[in-house]
There are 2 protein chains.
Amino acid sequence: MVAKTRGMKIVHSIEVLQHMLNRDERIGRTVGFVPTMGFLHEGHLALVEQARTQNDLVVMSIFVNPAQFGPGEDFEAYPRDIERDSRLAAEAGVDVLFMPTPEEMYPQDGGIRILPGPQATALCGASRPGHFDGVLKVILKLFNIVDPDRAYFGMKDAQQLAIIETFVRDYNLRTAIVRVPTVREPDGLAKSSRNVNLSEKEREEAPVIQQALQKGAALFHTGASAEQVEKEVAQYITEHSSGRIDYVSLLAYPELTTSSETSREWILACAVKFEKTRLIDNSILSVFSKEFPTQ
Amino acid sequence: MVAKTRGMKIVHSIEVLQHMLNRDERIGRTVGFVPTMGFLHEGHLALVEQARTQNDLVVMSIFVNPAQFGPGEDFEAYPRDIERDSRLAAEAGVDVLFMPTPEEMYPQDGGIRILPGPQATALCGASRPGHFDGVLKVILKLFNIVDPDRAYFGMKDAQQLAIIETFVRDYNLRTAIVRVPTVREPDGLAKSSRNVNLSEKEREEAPVIQQALQKGAALFHTGASAEQVEKEVAQYITEHSSGRIDYVSLLAYPELTTSSETSREWILACAVKFEKTRLIDNSILSVFSKEFPTQ
């Protein structure tokens with residue numbers, strides 16, 4: 001049931017994993033958890049790296065969660081490479097790699113769902129109904145299975161992070177959420193498992209997304225309105241790439257509302273559709289020396 | 001922050017409770033949890049008694065959960081008697097009594113909800129939309145706060161129990177659910193905090209509910225159809241009391257569907273409205289020597 005790769009244990013069974021991470025056997029040892037959908041890149045490894053510095057044990061899960069893919073989305077096309085992932089995880093210092101099958105995770109379904117609030121209707125949620133239901137479902141299951149002290153999420157999926165942070169806060173989950181900055185290619189493109197689905201030409205164009213967000217951020221700090229900032233970003237991407245804009249939004253973070261009197265942080269986020277895949281990226285903007293933007 | 005009654009600690013703060021029940025400090029000690037809405041009666045004390053035999057520590061919560069009362073329901077009228085409850089809990093052997101305020105439990109609300117599946121549309125769920133959302137919300141919060149090894153629920157709220165068991169199964173909650181039989185008055189009336197809202201005359205009539213369920217159970221075992229059984233129970237209650245039938249249902253348990261090929265257990269349940277309150281009761285019927293009833 002348990003395989004080893006360079007000292008890393010590979011586990012497929014929930015029961016075996018829970019036995020391994022049994023509360024009484026980890027007394028005084030902390031567990032850091034890195035949930036992933038696999039096809040690991042440096043972004044995931046940055047999560048592991050941070051988890052290693054803060055915990056005694058690092059558990060990674062690789063599970064392409066069918067519950068968070070909608071009809072017509074890329075569940076089948078989502079890239080998978082278990083052998084490479086296992087090697088990378090072991091090299092990065094993962095202690096336990098949990099790779100359940102969909103049947104192991106969802107053997108039965110009594111129909112209980114976790115529905116996110118208004119946060120889920122913004123950004124990617126608008127075009128992916130049910131996506132964050134699936135995310136919350138698998139996160140609650142994984143947290144209950146692993147019982148981690150800390151869990152690590154990249155800022156790239158900023159909406160997911162905002163919703164999970166709200167879930168942890170409102171439902172008293174016992175796991176601390178750690179935000180880890182987006183890791184980028186040398187040309188600025190955010191690392192993503194989906195980048196392999198770009199054509200050569202699209203890959204060349206893709207750094208335009210990050211450039212556009214930087215231009216938008218600069219405009220934001222001059223006092224421009226949200227509408228002006230969003231328009232600038234969309235226009236720059238459309239003019240410099242073949243990508244089609246799914247959305248560009250400037251919202252209070254982590255509330256994901258268009259206006260917030262309490263928020264000190266804003267997110268400038270976008271999603272861009274290419275031929276075979278859809279890329280997202282964002283920039284978190286702190287409000288120091290400027291007025292809140294007005295719509 | 002922590003008061004003591006006969007060695008029982010009374011805690012109002014989530015933070016204090018979590019510190020007290022900290023994982024590292026309870027190594028090798030098991031925690032049994034009895035969640036209640038207070039106004040304790042022997043039904044609750046039977047839960048404590050069973051929890052004591054199976055755990056090192058017993059935690060009880062008293063929290064009249066606003067999230068599970070609908071508009072026009074009896075949240076304000078729900079009986080409360082904290083002093084008496086504290087005394088009874090201490091005498092029964094509760095180690096820690098957790099009594100948070102609604103503000104402590106729900107300081108913020110990001111709008112994330114837990115929606116039950118088809119189980120919630122049967123029985124009481126039909127006339128109490130949103131009720132089990134509120135139950136699942138508070139149960140997940142309380143389980144995360146207390147982190148119990150076992151939690152104890154009475155069979156009287158059989159629908160609640162069925163839904164919570166499904167939640168634990170489908171979401172890998174780390175708490176084992178223990179079913180405890182309904183405790184009854186000498187005349188057969190199921191113990192309930194709501195019984196105090198009955199008039200003297202209604203209190204005299206109320207044992208009719210249990211008598212009717214027993215008659216229905218006997219009819220079930222003769223091979224009668226679900227329809228016949230339900231009709232018999234409703235008729236007996238209407239003829240022998242001033243109570244109005246809310247529902248009488250014979251369903252597979254714990255699926256709460258009208259037919260199930262796998263179920264070995266059935267529930268015969270009813271809700272009856274009196275002037276100021278609504279009572280529920282049920283009987284679990286095992287399928288041994290008879291065919292599955294047909295509708």
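These notebook entries record what I looked up in the structure.

**Entry 1. The model and its two copies**

I note at the outset that this is a predicted model. I began with the relation between chain A and chain B.

**Entry 2. The annotated positions**

I turned next to the annotations. In the unreviewed UniProt entry, the annotation "binding site" covers Gln68(A) and Gln160(A).

**Entry 3. Gln68(A)**

I located Gln68(A) in the loop that runs between strand E4 (57-62) and helix H3 (82-92) of chain A. Is Gln68(A) buried or exposed? Its relative accessibility is 9%, and because buried means under 20%, Gln68(A) counts as buried. I listed its contacts, leaving aside neighbours within four places in sequence: Met37(A), Glu73(A), Arg128(A), His131(A), Gly134(A), Val135(A) and Val138(A).

**Entry 4. Gln160(A)**

I found Gln160(A) in helix H7 of chain A, which covers residues 158-170. With a relative accessible area of 17%, Gln160(A) is buried. Not counting residues up to four places away in sequence, I recorded that Gln160(A) touches Phe132(A), Val135(A) and Phe153(A).

**Entry 5. The largest cavity**

I then consulted the cavity search. How many cavities of 30 Å³ or more does the whole structure hold? The search finds 3. The largest cavity has a volume of about 170 Å³. Of the 14 residues that line the largest cavity, those closest to its centre are Asn144(A), Asp147(A), Arg174(A), Asn144(B) and Arg174(B). I checked which elements contribute: helix H6 (131-146) of chain A and helix H6 (131-146) of chain B each supply at least two residues of this lining. By class, the lining of the largest cavity divides into 6 nonpolar, 4 polar and 4 charged residues.

**Entry 6. The second largest cavity**

I recorded about 50 Å³ of space in the second largest cavity. Its lining includes Lys156(B), Leu189(B), Ala190(B), Ser192(B), Asn195(B) and Ala206(B). Ile209(B), Gln210(B), Leu279(B), Ile280(B) and Asp281(B) also line the second largest cavity. Helix H9 (208-221) and strand E11 (278-286) of chain B are the elements that give two or more residues to this lining. Which element gives the largest share? It is E11(B), with 3 residues. I noted the classes as well: 6 nonpolar, 3 polar and 2 charged residues make up the lining of the second largest cavity.

Definitions and conventions: Residues are numbered from 1 along each chain as its sequence is written. Chains are lettered from A and ligands numbered from 1 in the order in which they are written. This is a predicted model: local features need pLDDT of at least 70, side-chain atom pairs count only at pLDDT 80 or more; totals for chains, interfaces and linings use all residues. Side-chain values use heavy atoms; hydrogens and water are left out. Helices (H or I, at least four residues) and strands (E, at least two) are DSSP runs, numbered from the N terminus. Buried means under 20% relative accessible area, exposed over 50%, partly exposed in between (1.4 Å probe, protein chains only). Contact means heavy atoms within 4.5 Å. On a 1 Å grid over the protein atoms alone, a cavity is a set of points where a 1.4 Å probe fits but cannot get out, and a pocket is an open set with protein on both sides within 12 Å along at least five of seven lines; lining residues have an atom within 4 Å of a point. Grid points are joined across faces, edges and corners, and a volume is the space filled by probe spheres set on the points. Ala, Val, Leu, Ile, Met, Phe, Trp, Tyr, Cys and Pro count as nonpolar, Asp, Glu, Lys and Arg as charged, and the others, Gly among them, as polar. UniProt positions are given in the numbering used here, feature names are shortened, and annotations may be inferred rather than shown by experiment.
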